[in-house]
Amino acid sequence: MHPKLEHLLRQRHLLRDFVGRDLQAKYVGSTGGIAWAVIHPLLLLLVYTFVFSVILQVRFGAQGSVTAFALYLYCGLLPWHAFSDSAARSTSCLVAHRGLIKNVRFPAKVLPATVVLTDVVSEGIGLGFLIAAAWFFGHAPGWSLLLLPVLVTVQIMFTLGIALALATVNVYFRDVEQFVRVGLMVWMFLTPIFYPQERIPERLRFLLDWNPMARLVGMYRAVLLDGRPFALRDLALYAGTAALSLALGYALFTRNHRKFADLL
Amino acid sequence: MLALRAHDVGKKYEVFRRPADRLKELLWAGRRSFHHDLWALRHLYLEVPRSATWGVIGPNGAGKSTVLKLITGTTRPTCGTLEVNGSVSGILELGQGFNPEFSGRSNVMMNCSILGMSRAEALAKFESIVDFAELWEVIDRPVRTYSSGMYLRLAFAVAVSVDPDILVVDEALAVGDEYFRGKCYARINDFRRRGKTILFVSHSLGVVRNLCDRVILLQNGEVAAQGTAEEVADEYLRMVHAQEEARVKAADRRGAASGGPRWGDGRIEIREVRSLDRAGTERHAFAPGDALTIEARFRVKADVERPVFGVGVFRSDGTYVSGINHLWHERPLAVGPLRGGETGRVRCTIDPLPLLKGTYYLSYFCYDHSEAVPVAIDHQERVKLFQVVEGPVEMHGIVALPTRWEIER
């Protein structure tokens, strides 16, 4: 077999084993098991719905009901959490596995990739739950659901690029973890997850155009809740950003990965 | 055919005193430097033939592990060329990638994957790994329930299950009890017999002498000597001796040995306990077979009828090795009454020194033997620290017993 191909194949095996273990560590060790994949976002959903819909009276959707708000919120939370959890965890993943990197010859990019894929699997469980709930409340899944894999794919590209970049930079400057935590918090509130997009004042709308996550969340809602395909322009712009993110993140990582063992 | 070839290989680390200095240097974009260079290894030339077993020895911090990491490829040389012909597997630090929450079985499979095996290969090797570690009873229990010995056994078993062309081993990893150590060496010998190239880092000249065809001696990141174990042995022992001397001297200065309890009626004061070599100069590191003289100064404050001076020798783990005084001796030396105001020195020479490699401490005491039960005058625990370094002959244990061998056949 061609050595390059063999290398790729090995990385694939390794990635599968790492993701498998990461998922096991997340769910199998605890008493609740896999149920936590549903319980955790569900509890968050309850809290957020209570705060924003019942207390702050944020209303949107045609009916303006609490369930419509809950679905809207959940549909935004799922991709956001997959992204932000990955960004936060991948920042420290190389430092956390420093023993491996220093002592074993080992393709380190498997580590951020593992983080991203694990979170996507968790998101997938949540999405299944969301589709079922939406169906129950009258949003029968339409053919637009077939577009979901496209969204997940570009989302993985975008997240992976950022994960690779953050993991690299954090090897040099450990403070990055702190910045990332604060940055993600700000980013979350700048993304229309808890509030309808229309609530943003006209003069601040440009923020949405520059926020790839707002675009992604919007596309998720179109496909899952409105039962219509997203605007092709949105997909093109997001996919472009994702490709750029992946290219830059990958380049940054591969330029530096030989130094990791010395720096950790 | 060469398995390894290094041509003027060097490894430099950039050391930043504070993390912020790295940022400063980045912002200055190379116009100012905020780090200093640390050469862990320099001017390494090696030509290791296929199927050879080479040893790398040297005092701590000489660059041994840097050599290993360069060869296994976890780090890259800053300069020079390093050719490695064949697959390499390194046993550097055991148990990397083990997750204590998971079962031994799951950890073995995962570790195999990390070391580059496919699932099928890992499954095929699983049985022999657990056989080697002898952990069948606990293999499905979480690794966190293992004793540290069991943990290391499992990790070692996984590490040696890889079948590379070139094996790189840090000897500190042949771990556990004597039985398992024996198994580890047997496995390494097995690699040798099958014509694999082995690079072996060790702190023990004895092991290197038994296993290695050739030895590289490193000091301060450079090759100080190269040759058979016999050829570099003296140089190595001298180096270790000097390093240990400095280390133990510093520890002794800081008072690592003092702080032990002291009691007695104080009629004689023992003031300064020193360890001297044959020439009478103070030293802190000795080799087995050297002459060790323990000298103490004393000052008499009040008359003592039958003073007896003595020494207790302890190993660092607290093992009481020997208690000696000049009365309990084949040729007892009686000291007459000592009168108040007198001063003097007591010298006790142990020649040849039968102690083997290790750290030892001394207790010094003076008792009055004029009564049926000796009365403590000045008893000081742990007054002096000294080191025994490895000798030219391989020996195991605490002491070298005087022996005479005969074999009838």
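## Before you start

Residues are counted from 1 along each chain as its sequence is written, while chains get letters from A and ligands get numbers from 1, in the order in which they are written. Because the model is predicted, local features need pLDDT of at least 70 and side-chain atom pairs count only at pLDDT 80 or more, whereas totals for chains, interfaces and linings use all residues.

## Chain B as a whole

Let's begin with the overall build. Chain B holds eight helices and 18 strands; these are DSSP runs, numbered from the N terminus, with helices being H or I over at least four residues and strands being E over at least two.

Of the 409 residues in chain B, 37% count as buried. Here "buried" asks for 20 or more other C-beta atoms within 10 Å of a residue's own, "exposed" for 12 or fewer, and "partly exposed" covers what is in between, with C-beta atoms placed from the backbone. Looking at contacts in chain B with a separation of 6 or more, 74% come from residues 24 or more positions apart; a contact means that two C-beta atoms, placed from the backbone, lie within 7 Å.

## The six-stranded sheet

One open sheet of chain B has six strands in the order S5-S6-S7-S3-S8-S9, with mixed pairing. Strands pair if DSSP finds at least two bridges between them. Strand S5 (88-91) and strand S9 (222-227) of chain B sit at the edges with a single partner strand each, so one side of each has no neighbour in the sheet. From one strand to the next, the twist averages 15°. Angles like this run from 0 to 180 degrees between N-to-C directions, using axes fitted to C-alpha atoms, for helices over the stretch in contact.

Inside the sheet, strand S3 (residues 53-57) and strand S7 (residues 197-201) of chain B run parallel and share four bridges. B:Val56 is placed opposite B:Val201 in S7(B). Two helices also come into the picture. Helix H2 (residues 64-72) of chain B lies across S3, S5, strand S6 (166-170), S7 and strand S8 (214-219) of chain B, at about 150° to S6(B). Helix H8 (residues 229-253) of chain B packs on the sheet too, touching S3, S8 and S9 of chain B, and its direction makes about 25° with that of S8(B).

B:Ala250 belongs to helix H8 of chain B. Is B:Ala250 buried or exposed? B:Ala250 is exposed, since it has 11 other C-beta atoms within 10 Å. The C-alpha atoms of B:Ala250 and B:Tyr364 are 21 Å apart, with 114 residues separating the two along the chain.

## The three-stranded sheet

Another open sheet of chain B has three strands in the order S2-S1-S4, and its pairing is antiparallel. Strand S2 (35-49) and strand S4 (79-84) of chain B are its edge strands, each pairing on one side only. Strand S1 (residues 2-16) of chain B is joined to S4(B) by five bridges, and B:Arg5 has B:Glu83 as its bridge partner in S4(B).

## Around strand S18

Strand S18 (residues 375-388) of chain B pairs antiparallel with strand S10 (residues 262-263) of chain B over two bridges. Strand S12 (residues 285-286) of chain B pairs with S18(B) in the parallel sense, again over two bridges. How many bridges link strand S17 (residues 358-368) of chain B to S18(B)? There are 10, in the antiparallel sense, and S17(B) and S18(B) form a hairpin with six residues between them.

## Where chain A meets chain B

At the interface, 20 residues of chain A are in contact with 22 residues of chain B. H1(A) gives the largest share of chain A's side, six residues.
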